[in-house]
Amino acid sequence: MSRRASTPLDGIELVLTDLDGVVYQGPGAIPHAVDALNAARAERRVGYVTNNASRTAASVAGHLGDLGLEVAEEDVVTSPQAAIVLLQQHAPAGSTILVVGGEGLTSVVEAAGFTVTRSADDAPAAVIQGFAPEVGWQQLAEAAFALRAPEGEDGIPWVATNTDWTIPVARGIAPGNGTLVSAVHTAVGRLPVVAGKPEKAIFDAALQRFAVADAASALFLGDRLDTDIIGANRAGLRSAIVLTGIDRAKQLLPADADSRPHFILGDLRELDQPYPEQIVKTGLRGVRKHRSGDAEVVVDGSQVRLSKPGSAVDVVRAGTAAVWGTGTPIYALDVDPALYA
Ligand SMILES: [Mg+2]
C-alpha cells in the first residue's frame, strides 16, 4: 500500500502570509503566488499579515485584489490592528491617545473608541507609534514629551506597531518604524511594547480574527527568518520560508534553532505539492547522509559537502538539515560552497 506524501497544507485550516517578498515585490506579484493563494483559499481561510502601519487594511486589500487575489478587507491583519489589542490592554477604554503615525493608525485608534490627539499637552493616557511617510520631528518630540516619566514613576504606556529597521518603498529601501521608535527611545530612555512581527501580538490577533483555536493548524508563509519565521515559531504556528524574497541559503544555513522553519519552499507552487521526505542515514564512523529529493549532503566530522546534486530548493533543504543536525555553530564547520549557491 503506498502512502501519499504529505504537502505543507495537510492539516492546515488557515494560511497566513507575509506580503513583501512572498506575494509581491515592488509593483508586481511574485510568480505563482496569486494562483497558489487563490487555490489555497478554495479549501481554507487565507489571511494577509503586514507590519506596515502606513496603509489601511482596505487599501492593502485593494492592492492585493489588483494583483488578482481573491481577498476581502477582513482578510488583512495589520500591525496597527494588533497594536490596538495591546492598547486596549494598557489604556482605559475611550481615553485620549497620542498617535505618532498616519491614517492607517489614526483610523484604527478611532474605530476602537479612543480619542486621537497629536499633542502631549492633552494629557494622553498612552502613546501609539507607527510608520507613516509624514512622521517628522514634531510628532516624535510630542511622543517624547508625553512619555517623559515624572521622578519615581513609570510614565504612560507606549505601544509601537512594529520595529522594522527598514521599509521597502517604490524608490528603494528607506528607514523604517524601528528607526523612529529608536529616536524617541533615545530621548526618553524607555522601550515600547511592540505588536508587529516578530512579536506574538500580531500572530495572536490573526488567529483570533480567523477564530483558529489551535495555532499549529495555521501555517505562516514568510521570506525573513528574523521576523516571519521566528515570530510564527514563537506563536506556535507552523512556518514556511519561501525563497522568493530576502532570505536565501546564506541566511538559512546558520539559522538558530528558534528561527528554523518547518518547510522550505522555492516558490508558492510547492504549497500543495508533496513535500519530499527528509531522510537521514547514519553510517560508519558517524558519517551522516541527509537526503531531500535527489539532493544528498554528507556530514563527516566538521565537513559538510554536497554529495549528490538536486533541485536548488532540495539542496537548501538537505544542506540546512545537515548543518542544523550537527548542533554545531556554522563557523565551526567546513561547509561546501555549493550549498550556498
Ligand atoms: Mg517580507
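A word on the model itself. It is predicted: local features need pLDDT of at least 70, side-chain atom pairs count only at pLDDT 80 or more, and totals for chains, interfaces and linings use all residues. Residues are numbered from 1 along each chain as its sequence is written, and side-chain values use heavy atoms, with hydrogens and water left out.

Helices (H or I, at least four residues) and strands (E, at least two) are DSSP runs, numbered from the N terminus. Buried means under 20% relative accessible area, exposed over 50%, partly exposed in between (1.4 Å probe, protein chains only). D18 has a relative accessible area of 8%, so it is buried. D223 is at 3% relative accessibility and counts as buried too.

Next, the sheet. Two strands pair if DSSP finds at least two bridges between them. Six strands make an open sheet, with parallel pairing, in the order β5-β4-β1-β13-β14-β15. At the edges are β5 and β15, each pairing on one side only. On average, neighbouring strands of this sheet are turned by 25° against each other, direction ignored. Look at β13 and β14: they run parallel and are joined by four bridges. There, L221 stands opposite A240 in β14.

β5 covers residues 76-78 and holds T78. T78 is buried, with a relative accessible area of 2%. Contact means heavy atoms within 4.5 Å. Leaving out residues up to four places away in sequence, T78 touches T50, R55, A57 and I202.

Now the helices. Axes are lines fitted to C-alpha atoms, for helices over the stretch in contact, and angles run from 0 to 180 degrees between N-to-C directions. Helix α1 (residues 33-41) lies across β1, β4 (45-50) and β13, and runs at about 130° to β4. Helix α8 spans residues 225-234; seven of its 10 residues are buried, so the rest of the structure largely encloses it. Those buried residues are L225, T227, D228, I229, I230, G231 and A232. Their cover includes α7, β13, β14 (238-242) and α9 (249-252). After α8 comes G236, with a positive phi near 85°.

Now the rings. Rings of Phe, Tyr and Trp (its six-membered ring) pair if their centres lie within 6.5 Å; planes under 30 degrees apart count as stacked, over 60 as edge-to-face and the rest as tilted. The whole structure holds two aromatic pairs. F203 and F220 have ring centres 5.2 Å apart and planes at 65°, so they are edge-to-face. F203 belongs to helix α7 (residues 201-209) and F220 to strand β13 (residues 218-222), so the pair ties together parts 17 residues apart in sequence. F203 and F220 are both buried. The other pair is F263 and Y275: centres 4.9 Å apart, planes at 75°, so edge-to-face. This pair links distant parts of the chain, with F263 in strand β15 (residues 263-265) and Y275 in the loop between β15 and β16, 12 residues apart. F263 counts as buried at 10% relative accessibility. Y275 is buried as well, at 11% relative accessible area.

Last, the wider setting. Domain bounds come from an automatic or database domain assignment. The chain is divided into domain 1 (14-51 + 198-272), domain 2 (80-194) and domain 3 (278-340). The centres of domain 1 and domain 3, taken over C-alpha atoms, are 25 Å apart. Their contact takes 13 residues from domain 1 and 10 residues from domain 3.
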